[in-house]
Amino acid sequence: MELTSTLLTGTGSWNPLAWILGLVVAAVIAWLIYSLGEKGYKAGTAQAEPFISGNPEPEKGLVHVRAGNLYWGYLEALKGYYNRLVPLHTGDLHDYILWYLGVTALFLVLVVISA
Amino acid sequence: MIPAFIVENSPALMVIVPLVAAFITPFIGRISHALRSLWVGGAMAVTSAITLILALDVYATGTRLYVFGASAASMALPPDSGGIPIRIIFAVDPMSALMLVITAISGFAIILYSLASERSYSGLESYYTLYLLMITGILGMVSTGDVFNFFVFLEILSLASAGLIAYRIDGGVAVEAALKYFVLSTIGALAILVAIGIYYGEYNALNMAMIAARMQFSLLDQVALVLIIAALAMKCGAVPMHFWTPDAYSMAPSSITALLVVASQASLYGLFRTVFTLYNLSLNAVTVGWLIIILGVLSMVVGVTMAIPQKNVKRLMAYHAVSQTGYMLLGVGVGLAVLGNQSLLDAFGYMAMEGGLFHIINHAMYKGLLFLTAGAIFLRIGTYNLNRMGGLGHSMKWTMVFFVIGALAIAGIPPFNGFASKLMIYESVFIFNPVLAVIAMVVSILTLASFVKVFHSIFMGPRLPEYAEVKEAPLPMLFGMGILAVVVILFGLFPTIVVESLITPAAHALVNQGAYISAILGGA
Amino acid sequence: MFWNLPYVAVVVLTIIALATIVLKKNLIKVFLGIIILESAVNLFLISLGYREGGIAPIYTNAPAAAMVLPTPQALTLTSIVIGVATSALLLSFAIIIWKKYGSINLDRIRRLKE
């Protein structure tokens, strides 16, 4: 196992099969803990309801957290960055071409000066 | 076992088979649709088989030459030409072979997927014709040894890709995406043609080995270098020339987007081939290396940060494609920046390049897989809008499994293949410049965060009433995705075998310019 | 100096073409700019192949003079053919956009952004 799958990266190494072995061991331990738990519930009684307080269950569509609500805090924190970056993606073909020509010109100057 | 005729002529056959099959496809389509499916599937299977035969042969016996129109396939220099290779040459070295393997696997998996995903659309004869032309273009680009021939295949690829991006007109929006892609790629291709003209005027040769052998790095060569680097970096979607990428990737049919990823990497191949084989040590390795590194870092950071707030799942994945291209540019750029210094090259330069090249093949597999899962979801629920998705894990279990495999691989979670190549990049780039390695790791974390969001919003949550009737994707699509998923897992479990047999020869073939020249010009 | 005239023309044409592409808002005019750019590149290629006093490489009844290698002409011909395909595809895009968007002004073709 060591010989066939240890990836040497110059300064370190990594063996995916050993990692898999570790994952399997962790999974077995998790399963053992899980199997110690309560075995079942009675369907049709209050045990199967989502809220023990007896509140009514909301509709399925309302329970799901939609994509637009995720990472709101992250986007709010980095507002300054995003307010500058996003408007650059104007969707205008002229801007696309100008960026390309500009990068070409910049590279030309840098390469010719350094040569 | 394999007839010698096929092995001998495989470089020509792998381009001719899809090219001829492409133009026969519309006629077969008139007979029956089932026959056409059989025909294009068979043509792609044959092409992939020939390509893999050629790649294996290159890995076993070294660089393969194929000279069109010569009496013997390996005769690059006609006896009466005065030492100038005048014919069009295909030169397949281990770096080309790596790209051939990528194209063969992706091309076959994607056509299987297309047979099911496109079944209900009209205009399929042009779809499959253009698909096979794209394959022709990619295979030709990565195996040619002639700069003008490279331009011709690049244009075949651009024309076919633009046609396919616009294929589902979608109220004109897909055409807008194709228009932006095609105007930019036409201007880029003309810049490359000017560079080719400069080489011809200066060295009287179009053959890459001949130009490399005569390279002076005069002012004109510097201009040609910049024209090619900028054009090909634009075509592989490096920031700040990436604006066409999300437009085109999100509007093309998903199967085509997966192939566009491979097409972008063919441009990346052209970039590396130009820098390493045409110029190599004659250019200012530190400047050009750092330019490529900066492009790579910008692509990684801007790509991933733009991906996070996206609402359209394919646009999000397209920004991730930009971000992942950055890793490849970073790895190979570090290798280029230390090109002149043998001890640094041995210490970490080769490892960085191998990481970058390994990431190319890994990226083609897992990103292709992710785009295919997006297409399967679109086929069943008819939207790409993440805000309208949810709970699909209940009904599309296999698609979810494939998505998870792709998402973990792109985020660099062990034991999937993305981790292996990213680890190689982190550890080698850390010695070169720790800041770059830290940026690369942060980008990886943001990638994971972004895919957690996608996974949650598509598959998690209760079964939504509007998607109560949704079924699993059809079997050929699952099969196409399955091929890529298996490759992702195998590459992750046995990275050493892949690195030693595919990647290391490719990295050494790129760096060793002398071997490339002498393979073609015969020790001149 | 006189022999550099074609190259001067190439530079002038390139500048005109790039200015047209970048400054004009009408899609058809942008395409015209691209076609002018193609012509400039073709002129560049064909000028590279010119040799003073050279003759066409046709061996039948050839006079005893230096023949010109026909590679640049072949390149130009290929490039013209590719240019035709490019123009055809671009114009067909313009037709569809005009039909679907009702305008071919670049300021209006911005539905994909951010």
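Helices (H or I, at least four residues) and strands (E, at least two) are DSSP runs, numbered from the N terminus. What you have here is a predicted model, where local features need pLDDT of at least 70 and side-chain atom pairs count only at pLDDT 80 or more, while totals for chains, interfaces and linings use all residues. Residues are numbered from 1 along each chain as its sequence is written, chains are lettered from A and ligands numbered from 1 in the order in which they are written, and side-chain values use heavy atoms, with hydrogens and water left out.

**Exercise 1. Find where confidence is lowest and highest in chain A and in chain B.**

Step 1: start with the averages. pLDDT is the predictor's confidence in each residue, from 0 to 100. Chain A has a mean of 87, with 96% of its residues at 70 or more. For chain B the mean is 92, and 99% of its residues reach 70 or more.

Step 2: go element by element. In chain A, helix α1 (residues 2–5) is lowest at a mean of 54, and helix α6 (residues 93–114) is highest at 95. In chain B, the lowest mean is 89, in helix α19 (residues 513–521), and the highest is 96, in α5(B).

**Exercise 2. Check the length of helix α2 in chain C and in chain B, then look at the helix ends.**

Step 1: work out the expected span, which is 1.5 Å times one less than the number of residues. For α2(C), residues 27–48, the 22 residues should span 32 Å, and the end C-alpha atoms are 32 Å apart, so the two agree. α2(B), residues 33–61, has 29 residues and reaches 42 Å from first C-alpha to last, close to the 42 Å expected.

Step 2: look at the N-terminal ends. N26(C) caps α2(C), with a side-chain oxygen 2.8 Å from the backbone nitrogen of I28(C). On α2(B) the cap is S32(B), whose side-chain oxygen lies 3.4 Å from the backbone nitrogen of A34(B).

Step 3: see what comes after α2(B). That's G62(B), which has a positive phi near 100°.

**Exercise 3. Describe the interface of chain B and chain A.**

Step 1: count the residues in contact (heavy atoms within 4.5 Å). Chain B brings 71 and chain A brings 48.

Step 2: get the buried area, meaning the accessible area (1.4 Å probe) that two parts lose on being put together, summed over both. Here that's about 5,000 Å², with 77% of it on carbon and sulfur atoms. V226(B), F243(B) and L291(B) supply 12% of the area that chain B buries against chain A, more than any other three residues.

Step 3: count the polar contacts (N or O atoms within 3.5 Å; within protein, one must be able to donate a hydrogen and the other to accept it, and residues adjacent in sequence count only if both atoms are side-chain atoms). There are 12 residue pairs, both at pLDDT 80 or more.

Step 4: see which helices take part. Among those of chain B that each supply at least two residues are α8 (219–235), α11 (285–307) and α16 (434–459). α8(B) gives the most, with 10 residues.

**Exercise 4. Do likewise for chain B and chain C.**

Step 1: tally the residues in contact, 38 from chain B and 33 from chain C.

Step 2: take the area. The two chains bury about 2,900 Å² between them, 82% of it on carbon and sulfur atoms.

Step 3: list the polar contacts, which come to 5 residue pairs, both at pLDDT 80 or more. On the chain B side, α5 (147–165), α6 (173–203), α9 (244–251) and α12 (313–337) each supply at least two residues. α6(B) gives the most, with 18.

Step 4: sort the chain B side by class (Ala, Val, Leu, Ile, Met, Phe, Trp, Tyr, Cys and Pro are nonpolar; Asp, Glu, Lys and Arg charged; the others, Gly among them, polar). You get 24 nonpolar, 9 polar and 5 charged residues.
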